[in-house]
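I would like to walk slowly through one structure with you, so please look at the picture as I talk.

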Amino acid sequence: MTDPSTTGPGARVTVDRARVGDVRAIKRLVDEYAGPILLEKTLADLYEAVTGFWVARLDGAVVGCGALHVFWEDLGEIRTVATDPRARRRGVGHAVCTEIIAQAVELGLHRLFVLTFEVPFFSSLGFEPIRELDLSLEAQAELRASYDRGIAEFLDLPFVKPNTLGNTRMLKHL
Ligand SMILES: CC(C)(COP(=O)(O)OP(=O)(O)OC[C@H]1O[C@@H](n2cnc3c(N)ncnc32)[C@H](O)[C@@H]1OP(=O)(O)O)[C@@H](O)C(=O)NCCC(=O)NCCS
C-alpha cells in the first residue's frame with residue numbers, strides 16, 4: 001500500500017489491494033468508460049478478478065482502479081485502469097499504475113502490455129508504442145485458446161477488431 005500522499009488541496013490518495021467490498025465501486029468506475037474505451041465487466045467478472053485489482057481511495061472513497069493480468073511466464077497486462085471523471089488529473093491513475101507495475105516486478109514479469117487511447121499517460125509511466133510483440137509459438141497457441149476477451153484483444157483476433165480500433169498497443173520493459 002502506498003503512503004498517503006496529498007495530490008490536491010486537502011486530498012489524500014491511498015492505493016491498496018481491492019477487497020470484495022470494493023467491487024461495486026469498481027463496477028461504477030468501469031461503467032463510466034465501458035464500450036470503446038474499456039472492456040465491459042459484469043459484477044461476476046469483477047468478483048472473479050478481484051484478487052488482481054488495486055483501488056485508489058480519496059479521503060476514503062474509491063476513485064480509481066486498475067488490474068494486473070498475467071498472460072505468460074514473462075508477460076502481463078495492466079488493464080481496467082479507470083479514474084472517477086471528477087477525480088482525474090490529481091495523480092490517482094499514476095498512483096494505481098505505479099503499484100501495479102511494482103507488483104508485476106515482484107511477480108517476476110519482464111514485460112507489461114497495455115492497450116489504450118491514453119498514450120501520453122502510459123508514456124509517462126515508461127510504456128512505449130509497439131507494433132509486434134515477440135511471443136513464442138507455444139504462448140500464441142495457448143493464449144488463442146483462452147476465453148478471456150482481453151487476451152483476444154491483445155492477440156488482435158479478427159472478432160475483436162471493431163473494439164480495438166484506434167487503440168495503441170504499448171509495452172513497458174520491467
Ligand atoms: C487514464 C486515466 C486512468 C488517468 O487517470 P488520472 O487519475 O487522471 O491520472 P493522473 O492524474 O495520474 O495523470 C493524468 C495526467 O494528469 C497530470 N496530473 C497529475 N496530477 C496533476 C495535478 N495535480 N495537476 C495537474 N495535472 C496533473 C499527469 O501529469 C498526467 O498527465 P499525462 O497524461 O500527460 O501523463 C483516466 O484518464 C481514465 O480513467 N481514462 C479512461 C479509462 C482508460 O482509458 N484507461 C486506460 C486503459 S486501461
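Which helices and strands each supply at least two residues of the shell around the ligand? Before I reply, please keep in mind that this is a predicted model. The elements in question are the strands β1 (5-8), β5 (75-83) and β6 (111-116), together with the helices α3 (92-107) and α4 (119-123). Among these, β5 gives the most to the shell, with five residues. In all, 25 residues surround the ligand, and the closest are Thr83, Arg88, Val92, Gly93 and His94.

Let me turn now to the largest nonpolar core, which has 41 residues, and in which Ile26, Ala56, Cys65 and Val96 touch the most other members. Several elements give two or more residues to this core, including β2 (11-17), α1 (23-33) and β4 (61-72), while α3 gives the most, with seven. To take Ala56 as an example, and leaving aside its neighbours within four places in sequence, this residue is in contact with Val13, Val15, Val63, Gly64, Val92, Ala95 and Val96.

Finally, consider Pro129, which sits in strand β7 (residues 128-129). Is Pro129 buried or exposed? Pro129 counts as exposed, because 12 other C-beta atoms lie within 10 Å, and a residue is called exposed if that number is 12 or fewer. Even so, beyond its neighbours within four places in sequence, Pro129 is in contact with Val119, Thr168, Arg169 and Met170.

Methods: Residues numbered from 1 in each chain as written. Predicted model: local features only at pLDDT ≥ 70, side-chain atom pairs only at ≥ 80, totals over all residues. Near = placed C-beta within 6 Å. Helix = DSSP H or I, 4+ residues; strand = E, 2+ residues; numbered from the N terminus. Buried ≥ 20, exposed ≤ 12 C-beta atoms within 10 Å, placed from the backbone. Contact = placed C-beta atoms within 7 Å. Core = buried A, V, L, I, M, F, W, Y, C linked by C-beta atoms within 7 Å.
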